[in-house]
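Dear colleague,

Please find below the structure that I am handing over to you. My findings follow it.

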Amino acid sequence: MSDRVEALVVGAGISGLATAYALQKAGIATRVVEAAARPGGVIQSVKRDGYLVECGPQSFSGNGSISAMCRDLGILEERFLADPKAPRYVLIDGKLQNVPMGPGLLASSFLSGGTRTAILRDIFGKSESPEPDESVAGFVRRKFSATLLDRLVGPFVSGIYAGDPEKLSLRAAFPILYEAEKASGSITRGVFKVIKERKAGNGTQPQAPMEKATLQTFREGNETLIRALAKRLGERLNCGTEVTRLEALDSGQEPKAARFRASLRGPRGEESVDTERLILSVPTGAAGRLLEPLDLGFVAQLSAIAYSGVAVVSLGYRKEDVGDSLAGFGFLVPRSSGLSILGTVWNSSLFPGRAPQGEALLTSFVGGATNPAAIGKSPEQLASQVHREISPLLRLRKDPVFTNVTIWPRAIPQYNLGHTARIAAIEALRARFPGLYFSGNYLHGPAIGTCVEHALKVADEVRVSFAN
């Protein structure tokens, strides 16, 4: 005999938790199962030796959806906002160089004369429509310059996707830029047009209040949001519970009939659950394996989405041993530098309470799509390598007094060339199984805020399906 729920969410990362939260709020009986012992996925905050370390994302960019959720969960006042004027640096010719934001970038020595001319040409000129699927690197070289790709865009891409700009699809990874050029022949003019059209197109949809995107975290770390969502879900969230098999049920034309059966293994032992709506919020590999009995096409499309592995290396130093003032956000590193680090965040400069008094916490990232072998090193080797590479840049005089290394073999999905077509194929397959939904960081962007927005949209689609 199978238990039954209206909605079953598989996976309790931020996407699964946010989806389940919204479903529960809509009055839909929901159960969430997570194979790991804890919810949250890569969002994990650790307190040790007076340091507060983020083992995954170091912060997130806020939006109206997250703010409304935090308000409802009672954690809005626990947020810390980073100074939006905090300088950001890029390593150029062995030195950290401030990257001006906005119009100031045009006048800075950061850009070559040719790049400035290309930017002005984009503002006042018009280019042909973009290719249907072009790499980020190809786009930047075509529209601007190889220098801009190396010094700014490449490091920026590493900071978001830990990706390879030669492989990342502009249309998939940065759709607003693709749409802007397609609409106006100009990135600068087109972005405003696209944003305006998107707002007009969403006029009938429930919208969270607009707010300026600001980097933020919580007093007790990013995992505060995970803990609050898990507390709200209560007994509906079951960790350490694995889905061993999925099958589609013949529900006929009955809208409220169970459409899927999930076989589970966990603390309750072996059990099966029938559900009217199934939301998969797991990585692509796991989703493909679960959906293989339904259609092999899912496996082919989902397994084609690659992931980059990343090592998150947090090092603590006495401030008296750091020659740099650490005034700012941190720095990004072009691949042409020859260093293994992708960039370093100055955590204790951005947010209070990240390190003991008189000490500084610095978190660097190693690996990514351009250096996949790096994550094969031991935590000790990674910590030593990062210390060795950042020492001359920040004038570090002594070894770190604190280390924490977390290795994520499959950290971030890669929106590589062909990604848009793959997602379209997955959606076409999904249409054959009414009641099946996907929610995850491989669909519309890996950022926490984007995942929350998409999760809420999925939950609303489920709600509407019950109403109909």
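Phe80 stands opposite Thr217 in strand 9. Strand 9 (residues 215-218) pairs with strand 6 in the antiparallel sense over 3 bridges. Both belong to an open sheet of 3 strands in the order 5-9-6, with antiparallel pairing; its edge strands, each pairing on one side only, are strand 5 (60-61) and strand 6 (79-81). Strands here are DSSP runs of E of at least two residues and helices are runs of H or I of at least four, both numbered from the N terminus; two strands count as paired if DSSP finds at least two bridges between them.

Please note that the model is predicted: local features need pLDDT of at least 70 and side-chain atom pairs count only at pLDDT 80 or more, whereas totals for chains, interfaces and linings use all residues. Residues are numbered from 1 along each chain as its sequence is written, and side-chain values use heavy atoms, with hydrogens and water left out.

Thr217 also belongs to the lining of the largest cavity, together with Leu52, Glu54, Gln58, Asn347, Phe351 and Arg354. This cavity holds about 40 Å³ of space, and the structure has 2 cavities of 30 Å³ or more. A cavity is a set of points, on a 1 Å grid over the protein atoms alone, where a 1.4 Å probe fits but cannot get out; lining residues have an atom within 4 Å of a point. Grid points are joined across faces, edges and corners, and the volume is the space filled by probe spheres set on the points. The second largest cavity, of about 30 Å³, is lined by Ile43, Phe60, Asn222, Leu225 and Ile448.

Helix 1 (residues 14-25) has 12 residues. Of these 12 residues, 10 are buried, so the helix is largely enclosed by the rest of the structure; Ile14, Leu17 and Tyr21 are among them. Buried means under 20% relative accessible area (1.4 Å probe, protein chains only). Just after helix 1, Gly27 takes a positive phi of about 85 degrees.

Finally, Tyr317 lies in strand 14 (residues 307-318) and is buried, with a relative accessible area of 0%. Its side chain makes a polar contact with the side chain of His387 (2.8 Å); such a contact is a pair of N or O atoms within 3.5 Å, where, within protein, one must be able to donate a hydrogen and the other to accept it, and residues adjacent in sequence count only if both atoms are side-chain atoms. The C-alpha atoms of Tyr317 and Pro400 are separated by 4.8 Å, although the two residues are 83 residues apart along the chain.

With kind regards

Methods:
Expected span 1.5 Å × (residues − 1). Buried < 20%, exposed > 50% of the residue type's maximum accessible area, 1.4 Å probe, protein only. 1 Å grid on protein atoms, 1.4 Å probe; cavity = no way out; pocket = protein on both sides within 12 Å on 5 of 7 lines; lining within 4 Å.
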